[in-house]
Amino acid sequence: FLAPYLENEGYVADLKEHERKTNEMAKEIECPCLLVRGSKTDVLSQEGVQSFKSFVPHAEVVDVAEAGHMVAGDQNTIFAAAVLDFAKRQVLADTSQESKL
């Protein structure tokens with residue numbers, strides 16, 4: 001279904017420019033970052049994860065088994081646990097940093 005779009009040089013150029021801008025913006029991310037990916041997704045490949053990590057090397061990645069692109073809907077309990085664990089660790093890290101001041 002993408003073939004007509006990918007044959008359009010203007011469309012492909014726009015996609016490449018969007019990707020370039022997105023990658024540049026990703027390099028600016030300094031805050032803690034969690035990428036949650038469903039292992040069965042057809043949207044974000046392992047190569048895509050590695051590309052993201054090349055721009056945001058401090059990002060943590062959680063691969064959720066038996067989930068597609070809609071991780072929270074497919075495996076809500078696992079998704080919530082991953083997000084809560086990440087958030088708790090960030091709060092603990094912040095608290096630890098404050099006590100050093």
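Let's start with a definition: a residue is called buried under 20% relative accessible area, exposed over 50%, and partly exposed in between, using a 1.4 Å probe and protein chains only. Hi everyone, and thanks for coming. By that rule, Arg20 counts as partly exposed, because its relative accessibility is 43%.

A quick word on what we are looking at. This is a predicted model, where local features need pLDDT of at least 70, side-chain atom pairs count only at pLDDT 80 or more, and totals for chains, interfaces and linings use all residues. Residues are numbered from 1 along each chain as its sequence is written, and side-chain values use heavy atoms, with hydrogens and water left out.

Let's stay with Arg20. Arg20 makes a salt bridge with Glu17, and their closest N and O atoms are 2.6 Å apart. A salt bridge here is a side-chain nitrogen of Lys or Arg within 4 Å of a carboxyl oxygen of Asp or Glu. Side chains of opposite charge can pair when their charged atoms come close. Glu17 is partly exposed too, at 31% relative accessible area.

Where do Arg20 and Glu17 lie? Both are in helix α2, residues 9-26, three residues apart, or about one turn of the helix. Helices are DSSP runs of H or I with at least four residues, strands are runs of E with at least two, and both are numbered from the N terminus.

Now the helix itself. At 1.5 Å a residue, the 18 residues of α2 should span 26 Å, and the end C-alpha atoms are 26 Å apart, so the two agree. The expected span is 1.5 Å times one less than the number of residues.

How many salt bridges does the structure hold? There are six. One of them joins the side chains of Glu24 and Lys27, at 3.1 Å from N to O. Glu24 is partly exposed at 39%, and so is Lys27 at 43%.

Another salt bridge pairs Glu66 with Lys40, with the closest N and O atoms 2.9 Å apart. This pair links distant parts of the chain, 26 residues apart: Glu66 sits in the loop between β2 (60-64) and α4 (71-74), and Lys40 in the loop between β1 (34-38) and α3 (46-55). Lys40 counts as exposed, because its relative accessibility is 53%.
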